[in-house]
Amino acid sequence: MRQDKLDLIIEGGWVIDGLGGARRRADVGVAGDRVAAIGDLADAEAVRRVDARGKIVAPGFIDVHGHDDLMFVEKPGLEWKTSQGITTVVVGNCGVSGAPAPLPGNTAAALALLGETPLFADMQAYFDELRAQQPMINVAALVGHANLRLAVMADPTLTPTADEQQAMQRMLADALEAGAVGFSTGLAYQPGGAAQQAELEGLAQVAAAHGALHTSHIRNEGDEVEAAVDEVLSVGRNSGCATVLSHHKCMMPRNWGKSRATLANIDRARAQGVEVALDIYPYPGSSTILIPERAEIIDDIRITWSTPHPECSGEYLSDIAARWGCDKTTAAQRLCPAGAIYFAMDEAEVRRIFQHECCMVGSDGLPNDAHPHPRLWGSFTRVLGRYVREAELLTLEAAVAKMTSLPARVFGLAGRGQLSVGAWADIVVFDADTVADRATWEAPTLASTGIEQVLVNGRQVFPPQADGGRPGQILHRTPQGGKAPASQAAARTLATPEAPDSIQ
């Protein structure tokens, strides 16, 4: 990859390669969209040089759990990503994605997580729009299980008929062939919550045949969290589909500590050959749509947006209920459709889960929220500042690996997540002594500090340049070990199985 004149040399920094090895002082040379050289490049010619002395030079961070599907159209600058060193995002999580669009009359509350742009007819149309818009950062997309149900089923609250199940599996196969890296389920939401084991395994078999994966917002993160984890592990075990447990947590004080059991079950599944990983965001509060049934269960609920009452954004539900002279459930019902932050997690448990060897980082950021959770702007820098520098939960090298090479391996993003000659030039330069999140519950959109430069495919995206363009790419999946997926014909066979009149 060496050439006569490099486009860029990042010189004098401490290089962390993303693979877990010790840092070393070296220069990094970039030619086009690739890393061309690493070492002593003092005598090499370059169009531009960047002084990184005293700074860390690492692979760009991979956000494995984003909801930015429609933001590539609505807010294409994606400053909340680039300002914390993120160069790749996986979208389409929690069972909802930018495509396929629902049948007329079908809808789901969770679709409000995505944005205002109408959903696309299919994943091919979604990818065509991304290419036309030119993404700022790299994007890998999952297809949402809720979308499949809404696009196929006459009544998505029911169990699918055999024809509907086959139609969902064909639609999933089409999405995977268009370039989706897998499918996601949101079993805690409707209509995904109506799905039973046979439905999920049928879809997972299609994904496995394509070398794709299944990510899941499990059915219950509270009292039934252990059973909910086991359900998703069982889908992976029975289908052979690679699996990711999304934003793993145990909610409510009575369930704090249960991660010891859930992580042990994950380890047992891995020992049995199930390909499974998980992710977290580094905060003790969760965020999603406002669910009135949680109003009396969780004491501290903060409203992030409300369609009928936008003036309540940023307020606590208890304060709104007191002002309106009603109970919290009634207030929540009046606020809907709305979003909320739920303070029901244990920081110590979040940190325990984070330290698991297969745990990645996902922001789960909701950029469509008027008053978002601070994880949107601060997840990755919070890990570097609070979990690494302050709490010393693990080394900087290990933390960077969790945010780079591990997700690249899990999602099959070839040539990403590492600094090596020939790899894609997704690079972040940061100050390990000062990097920190600034976004707070009260001021959730403050950009992080300590991130000095971010490159996507060799081009600078942070600090933004007036003529920098949008250098991101749509990424596809290469399964672990380079295993080729089943042929399209075999996948089609799985997508149209013989089935009884209804899936039980």
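Start with the second largest pocket, which has a volume of about 310 Å³. A pocket here is an open set of points on a 1 Å grid over the protein atoms alone, where a 1.4 Å probe fits, with protein on both sides within 12 Å along at least five of seven lines; lining residues have an atom within 4 Å of a point. Select Ala 108, Ala 109, Ala 110, Gln 190 and Ile 289, the closest to its centre of the 22 residues that line it. By class, this lining has 17 nonpolar, 4 polar and 1 charged residues.

The model is predicted, and local features need pLDDT of at least 70, side-chain atom pairs pLDDT 80 or more, while totals for chains, interfaces and linings use all residues. Residues are numbered from 1 along each chain as its sequence is written, and side-chain values use heavy atoms, without hydrogens and water.

Next, select Arg 219, Asn 220, Glu 221, Gly 222 and Arg 294, the closest to the centre of the largest pocket among its 20 lining residues. The volume of the largest pocket is about 410 Å³. Its lining divides into 9 nonpolar, 5 polar and 6 charged residues.

Move to the open sheet of 3 strands, ordered β13-β15-β14 with antiparallel pairing (strands pair if DSSP finds at least two bridges between them). β13 (285–289) and β14 (301–306) are the edge strands, each with a single partner, so one side of each has no neighbour in the sheet. Between β13 and β15 (residues 338–343) there are 5 bridges. Select Ser 286 to find Tyr 342 of β15 opposite.

Terms used:
Helices (H or I, at least four residues) and strands (E, at least two) are DSSP runs, numbered from the N terminus. Grid points are joined across faces, edges and corners, and a volume is the space filled by probe spheres set on the points. Ala, Val, Leu, Ile, Met, Phe, Trp, Tyr, Cys and Pro count as nonpolar, Asp, Glu, Lys and Arg as charged, and the others, Gly among them, as polar.
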